[in-house]
Amino acid sequence: MADQLTLMEAVDQRGPYAVWDLMTEDEQKAAATAFWNGADRESRAALEMALAKDLKFRQQSVRQLPAEKVAARLVRIAEGLPDTVLFQYLFHLHMSDRRPLMGGFLDAVGLPHEDGALDLPEDFEGPDTGKVEKAARELVAAKGHDALVYLSTLAVADGEFWEALEPVLKEYNADGSAV
């Protein structure tokens with residue numbers, strides 16, 4: 001289908017919303033729950049305000065709700081959130097549930113990290129593009145959909161740093177199917 005965007009084009013045009021659309025409903029709930037449970041107070045403020053408006057609750061009351069009680073609503077309001085908040089959903093999903101996937105990829109690329117969180121020296125100029133592309137292809141072959149969600153999130157986070165992901169993400173449609 002010629003008029004369908006590649007995953008890379010979708011990420012370029014829609015940022016975290018493209019990754020969100022790629023995710024399953026269960027992944028979206030896991031991401032919303034991870035953000036609700038793991039975000040610092042400042043990061044959660046915009047989400048609490050949006051959720052309070054949606055629930056017609058006071059923000060102080062919303063703050064006390066467990067993630068299990070609000071997960072479905074957090075998913076429902078996600079498309080209307082600022083892209084920086086939606087990106088936090090993606091970030092927290094990977095930092096809570098997908099550290100082994102992240103760590104394996106970063107090891108394959110040869111980047112220093114601590115349990116999946118990059119630990120780069122100040123003067124680091126960027127990863128080896130050949131290693132990034134090779135590791136990305138291997139990750140997609142091994143982990144499929146989860147890998148595409150992760151690699152797309154990296155492209156959203158810093159497209160210039162992760163530019164070697166572009167040829168891999170161009171091989172998939174925005175829905176994750178092969179081109």
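Contact here means heavy atoms within 4.5 Å. Keep that cut-off in mind, as it sets what counts as a touch or a cover below. The model is predicted: local features need pLDDT of at least 70, side-chain atom pairs count only at pLDDT 80 or more, and totals for chains, interfaces and linings use all residues. Residues are numbered from 1 along each chain as its sequence is written, and side-chain values use heavy atoms, with hydrogens and water left out.

Start with the whole chain. The protein has 11 helices and 2 strands. Helices (H or I, at least four residues) and strands (E, at least two) are DSSP runs, numbered from the N terminus. Read from that end, the order of elements is α-α-α-α-α-α-α-α-β-β-α-α-α.

Now look at the overall shape. The C-alpha trace spans about 50 × 45 × 25 Å along its principal axes. A compact globule of 179 residues would have a radius of gyration near 16 Å, and the protein agrees with this at 17 Å. The radius is taken over C-alpha atoms, and the globule rule is 2.2 Å times the number of residues to the power 0.38.

What share of the residues is buried? Buried residues make up 43% of the 179. Buried means under 20% relative accessible area, exposed means over 50%, and partly exposed lies in between (1.4 Å probe, protein chains only). The accessible surface comes to about 9500 Å², and carbon and sulfur atoms hold 49% of that surface. These areas come from the Shrake-Rupley method with a 1.4 Å probe; for residues, only the protein chains shown count as cover.

Contacts tell how the chain folds back on itself. Take those between residues at least 6 apart in sequence: 64% of them join residues at least 24 apart. Charges come next. There are 18 positive and 32 negative side chains, and the centres of the two sets lie 12 Å apart. Lys and Arg count as positive, Asp and Glu as negative; His and the chain ends are not counted. Each charge is placed at NZ of Lys, CZ of Arg, CG of Asp or CD of Glu.

Turn to helix α3, residues 25-38. Its 14 residues reach 20 Å from first C-alpha to last, close to the 20 Å expected at 1.5 Å a residue. The expected span is 1.5 Å times one less than the number of residues. Buried residues in α3 are Glu27, Gln28, Ala31, Ala32, Ala34, Phe35 and Trp36. What covers them? The cover includes α2 (16-22), α4, α5 (59-63), α6 (67-78), α7 (83-97) and α10.

Gln28 counts as buried because its relative accessible area is 12%. Leaving out residues up to four places away in sequence, Gln28 touches Trp20, Met23 and Val75.

Helix α7 is one of the covering elements. Its 15 residues should span 21 Å at 1.5 Å a residue, and its end C-alpha atoms are 21 Å apart, so the two agree. Its buried residues are Val85, Leu86, Phe87, Tyr89, Leu90, His92, Leu93, His94 and Met95.

Three of these names come back at Thr153, in helix α10 (residues 145-157). Thr153 is buried, with a relative accessible area of 6%. Not counting residues up to four places away in sequence, Thr153 touches Val19, Phe87, Leu90 and His94.

Helix α4 (residues 41-55) holds Ala45. Ala45 is partly exposed because its relative accessible area is 29%. Ala45 and Leu93 are 48 residues apart in sequence, and their C-alpha atoms are 18 Å apart in space.

Finally, visit the loops. Most residues other than glycine have a negative phi. Lys56 is not a glycine, yet has a positive phi of about 60°. Lys56 sits in the loop between α4 and α5 and is exposed, at a relative accessible area of 73%. Asp115 also has a positive phi, near 50°. Asp115 lies in the loop between β1 (113-114) and β2 (117-118). Its relative accessibility is 49%, so Asp115 counts as partly exposed.

Phe124 is in the loop between β2 and α9 (129-143). Phe124 is partly exposed, with a relative accessible area of 29%. Beyond its neighbours within four places in sequence, Phe124 is in contact with Leu111 and Phe161.
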